[in-house]
Amino acid sequence: MRAFSALRRLAALGTAVTLVVALAACGSDDKSSGGPDLGLLQAGTLRIGTLTDAPPNVYVKDGKFTGFDNDLITAVAAKLNLKPEFVGTDFSALLSQVNGGQFDLGSSSITITEARKKTVAFSNGYDFGYLGLNTTKTSGITSFDQLAGKRVVVVQGTVQDDYATSKNLNPVRVPNYNAAVGQLKAGTADAWISPAEIGEKMAKEQGGGVVILAAKELSSAPTAYAVAKSNDKLREAVNKALDEVIADGTWTKLVQQYYPGRAVPASFKPGSGTVKFTPPSAG
């Protein structure tokens, strides 16, 4: 009888130990997946709103979302033990979709501006950008100061839209970059103010045809990932992981892959600005 009682006590103890271990394991899974600690739409997954038509930054190739911005955020997600899930959208809707909870994060070479800070929060900057001036071989336009009185096209909601509006150019607004190039090719626009890297890439894709990149000038603000203003935990986690991929050489590798030969301004420091990194070769 005493032996039977002892066995019952051991069985109860084993059940309690199993329950404690199971609960501890559950807690560990939640933490390792990012889960509710980062305020994600789905535990373990980073849902990212992006574009499909803006190489070399964000685009789809062979059915896969890629480009400098998207490959970089994929590396950041890996540091956080998260699976990236990309969804295509229009830039004009992206920031409001991030703020409204449709996406955890926005990735699309987004320049930080005071106006945009009213809608979303931003990670630390991971890249710099140039304003580009795309036009046609026959337009005679070679600089930004020749745009007054011309029919100028921009992608709605971009920093290029802000620039054109600030210069009183009364731009024609389109939803995406392919539509902007289409206006130039059709002769319904004289110039497109573009993100220079995207404008240069799309001009080259014309095979020396109608569209050219005539000029560019450095933007005063960096580009960054957008997160909801209410999600400080995700923003802080992304910033930490971003510094890690800068420190381990991933950032430099991707810059060399997508922007071969592009010099980095001496004033630009990616991420928090405190991480040592190897500047990409400009040669």
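This is a predicted model: local features need pLDDT of at least 70, side-chain atom pairs count only at pLDDT 80 or more; totals for chains, interfaces and linings use all residues.
User: How many aromatic pairs does the rule give, and what is the class of the pair of Tyr177 and Trp192?

Analyst: The count comes to 10 aromatic pairs by this rule. For Tyr177 and Trp192, the ring centres are 6.0 Å apart and the planes stand at 45°, so this pair is tilted. Distant parts of the chain are linked by the pair, since Tyr177 belongs to helix α5 (residues 177-186) and Trp192 to strand β11 (residues 191-195), 15 residues apart; helices (H or I, at least four residues) and strands (E, at least two) are DSSP runs, numbered from the N terminus.

User: Are Tyr177 and Trp192 buried or exposed?

Analyst: A residue is buried under 20% relative accessible area, exposed over 50% and partly exposed in between, with a 1.4 Å probe and protein chains only. Both Tyr177 and Trp192 are buried, and Trp192 falls in that class because its relative accessibility is 0%. The C-alpha atoms of Trp192 and Pro171 are 9.2 Å apart in space, although the two residues are 21 apart in sequence.

User: What is the geometry of the pair formed by Trp251 and Phe277?

Analyst: Trp251 and Phe277 form an edge-to-face pair, with 5.4 Å from centre to centre and 85° between the planes. Trp251 counts as buried because its relative accessibility is 0%.

User: Which residues are the closest to the centre of the largest pocket, and where does the pocket lie?

Analyst: On a 1 Å grid over the protein atoms alone, a pocket is an open set of points with protein on both sides within 12 Å along at least five of seven lines, whereas a cavity is a set where a 1.4 Å probe fits but cannot get out; lining residues have an atom within 4 Å of a point. Grid points are joined across faces, edges and corners, and a volume is the space filled by probe spheres set on the points. The largest pocket holds about 330 Å³, and of its 14 lining residues Glu200, Lys204, Tyr258, Tyr259 and Pro260 are the closest to the centre. Helix α6 (residues 196-204) gives the most to this lining, with five residues. Domain 1 (45-128 + 222-259) and domain 2 (130-218) both contribute to the lining, so the pocket lies between them; the domain bounds come from an automatic or database domain assignment.

User: How many cavities of 30 Å³ or more does a search of the whole structure find?

Analyst: The search finds one cavity of that size, and the largest cavity holds about 150 Å³ of space. Of the 20 residues in its lining, Ser109, Thr111, Val159, Gln160 and Pro195 are the closest to the centre, and β6 (105-111) is among the elements that each supply at least two lining residues. The largest contribution comes from β6, with four residues. Domain 1 and domain 2 both give residues to the lining, so this cavity lies between them.

User: What is the phi of Asp62, and which peptide bond is cis?

Analyst: Most residues other than glycine have a negative phi, and most peptide bonds are trans. Asp62, although not a glycine, has a positive phi of about 55°, and it is exposed because its relative accessibility is 78%. Asn170 has a positive phi near 50° and lies in the loop between α4 and β10 (172-174). The bond from Pro55 to Pro56 is cis, with omega near 5°, and Pro56 lies in the loop between β2 (53-54) and β3 (58-61).

Technical notes: Residues are numbered from 1 along each chain as its sequence is written. Side-chain values use heavy atoms; hydrogens and water are left out. Rings of Phe, Tyr and Trp (its six-membered ring) pair if their centres lie within 6.5 Å; planes under 30 degrees apart count as stacked, over 60 as edge-to-face and the rest as tilted.
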